[in-house]
Amino acid sequence: MSDSSTAFPPLRVLCFGVGAIGTYLGGSLALAGNRVVFIERPEIASQVRANGLSLQQGDLIRRLPQPEVADSIAAALAGAAAEAPFDVCLLAIKAYDTPAFAESLRPYLGQLPPLLSFQNGVENEPRLAVVLGAENVIAGTVTTAIGRHGAGQIGVERLRGIGISATHPLSPRLIHAANAAGLRATAYPNPAAMKWSKMLTNLLANASSAILDFPPAAIFDHAGLFDLEMRQLHEALAVMHALGIPVTDLPATPVRLLTFVAGLPRWLSRPLLRRALGSGRGTKMPSFHIDLYAGRPQSEVDDLNGAVVRFGQQLGIPTPVNRALTRLLLRLTGGELPLSTFAHQPQKLLDAVEKLKNIEN
């Protein structure tokens, strides 16, 4: 019998993008001896070829001086034509880019391997499956906190791990390669539970932080905002319950404990969650805030809070807080409201949520 080191050959990986997650996952796999080809826009691709990739964790900096970077899918596939085909694609783009990205793959159907999606949200895999087929889409999630310092330059801020669906024939090989690369992979037999549980953690102090220009710790410090966070969380949990999707723990992320504590009386749950979540995020601004204040014209709020609303509508479950947060943040993102509208004004946000709730009821 062969040992675990020879059970699987190295992977050939096609990694879409050299953003924070793509650099971390693809770079880690490449440093572990797997063949990784990155795809990035031409201007970024040339920069990464010149500067290489850099992965920092504490005082340790690992460098990939000459990463393989193509500036199109066609170029990547042409380069691989003389060699063995790719085994898997890695995807970690923003959820709002998924529909256009999926359509861009149509000319290459039959040439691409299964795609492993590490995107936030619960609707990406079904959208990708429309084009690729469900058998060619694998769900994944990342709980390790990554900071991006520049193109191809990332820092591991908190090593937790990654989750990979255990339901695909390729899953054992992917999990083996990920663990050999130090990514701390866990197999999940219920990928829907994995993705929805990750979304629960993404919801907390995300939309409200962006709308108010408040760090997460300030959200949990305010009694009214804390109640708002709990209401949006309980709406999402009600939708999960109706769908028959259980909450599951993620790598180094006790989501079941979080939801249990959220169900306790406020006098007990608030100090516990304020300490746990506040220390976990502290003054670091979450993704919605980063995108909004970077001037990006889109927000993943519609793919997270908005997804709760859409599933709630299908199931007849009210989701007024998620609906209000989605609408308000999208209005700020689209320039319909100036960023100063709610900045540092928690009561104004609370009043707006109640007003929208009453109007739509």
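In this predicted model, the largest nonpolar core holds 56 residues, and among these Leu329 and Leu349 touch the most other members. Helix H10, residues 223–243, supplies the largest share of this core, with 9 residues. Beyond its neighbours within four places in sequence, Leu349 is in contact with Ser208, Ile211, Leu212, Leu225, Leu228, Leu328 and Phe342. There is also a second, separate core of 38 residues, which includes Ala20, Ala30, Leu116 and Leu183. In soluble globular proteins, nonpolar side chains tend to be buried together.

Helix H6 comes next. The helix spans residues 171–180, and its buried residues are Ser171, Arg173, Leu174, Ile175, Ala177 and Ala178. Several elements cover them, including helix H1 (20–31) and the strands E6 (88–91), E7 (115–117), E8 (137–142), E11 (162–165) and E12 (185–188). An α-helix has 3.6 residues a turn, so residues three or four places apart point the same way. Just after H6, Gly182 takes a positive phi of about 80 degrees.

Strand E3 covers residues 53–57 and pairs with strand E4, residues 60–64, in the antiparallel sense over 5 bridges. Within this pairing, Gln56 has Ile61 of E4 as its bridge partner. E3 and E4 form a hairpin with 2 residues between them, and Gly58 in the turn has a positive phi of about 65 degrees. E3 is also joined by 4 bridges to strand E10, residues 153–158, and these two run parallel. Here Gln57 stands opposite Val156 in E10.

Ser54 is another residue of strand E3. Is Ser54 buried or exposed? Its relative accessibility is 9%, so Ser54 counts as buried, the cut-off for buried being under 20%. Leaving aside neighbours within four places in sequence, Ser54 is in contact with Ile61, Arg62, Arg63, Gly152, Gln153 and Ile154.

On the surface, Trp267, Leu268 and Leu272 form a nonpolar patch, and together they have about 320 Å² of accessible area. Leu268 belongs to helix H12, residues 266–281. With a relative accessible area of 30%, Leu268 is partly exposed.

Charged side chains make up the last part of the picture. Side chains of opposite charge can pair when their charged atoms come close. The structure holds 17 salt bridges. One of them links Lys94 and Glu300, whose closest N and O atoms are 4.0 Å apart. Lys94 lies in the loop between E6 and helix H4 (98–104), and Glu300 in the loop between helix H13 (287–293) and helix H14 (301–315), so the pair ties together parts that are 206 residues apart in sequence. Lys94 is partly exposed, at 25% relative accessible area, whereas Glu300 is buried, at 4%.

Asp291 and Arg296 also meet in a salt bridge through their side chains, at 2.4 Å from N to O. Asp291 is buried, with a relative accessible area of 3%, while Arg296 counts as partly exposed at 37%. Elsewhere, salt bridges that share partners join Glu123, Arg127, Asp302, Asp303 and Arg310 into one network. A further salt bridge runs between Asp249 and Arg256, with the closest N and O atoms 3.3 Å apart. Asp249 has a relative accessibility of 26% and so counts as partly exposed.

Notes: Residues are numbered from 1 along each chain as its sequence is written. This is a predicted model: local features need pLDDT of at least 70, side-chain atom pairs count only at pLDDT 80 or more; totals for chains, interfaces and linings use all residues. Side-chain values use heavy atoms; hydrogens and water are left out. Two strands pair if DSSP finds at least two bridges between them. Buried means under 20% relative accessible area, exposed over 50%, partly exposed in between (1.4 Å probe, protein chains only). Contact means heavy atoms within 4.5 Å. A nonpolar core is a set of buried Ala, Val, Leu, Ile, Met, Phe, Trp, Tyr and Cys residues joined through side-chain atoms within 4.5 Å. Patches are made of residues with over 30% relative accessible area and no salt bridge: like charges are joined within 9 Å, nonpolar side chains (Val, Leu, Ile, Met, Phe, Trp, Tyr) within 5 Å. Accessible areas come from the Shrake-Rupley method with a 1.4 Å probe; for residues, only the protein chains shown count as cover.
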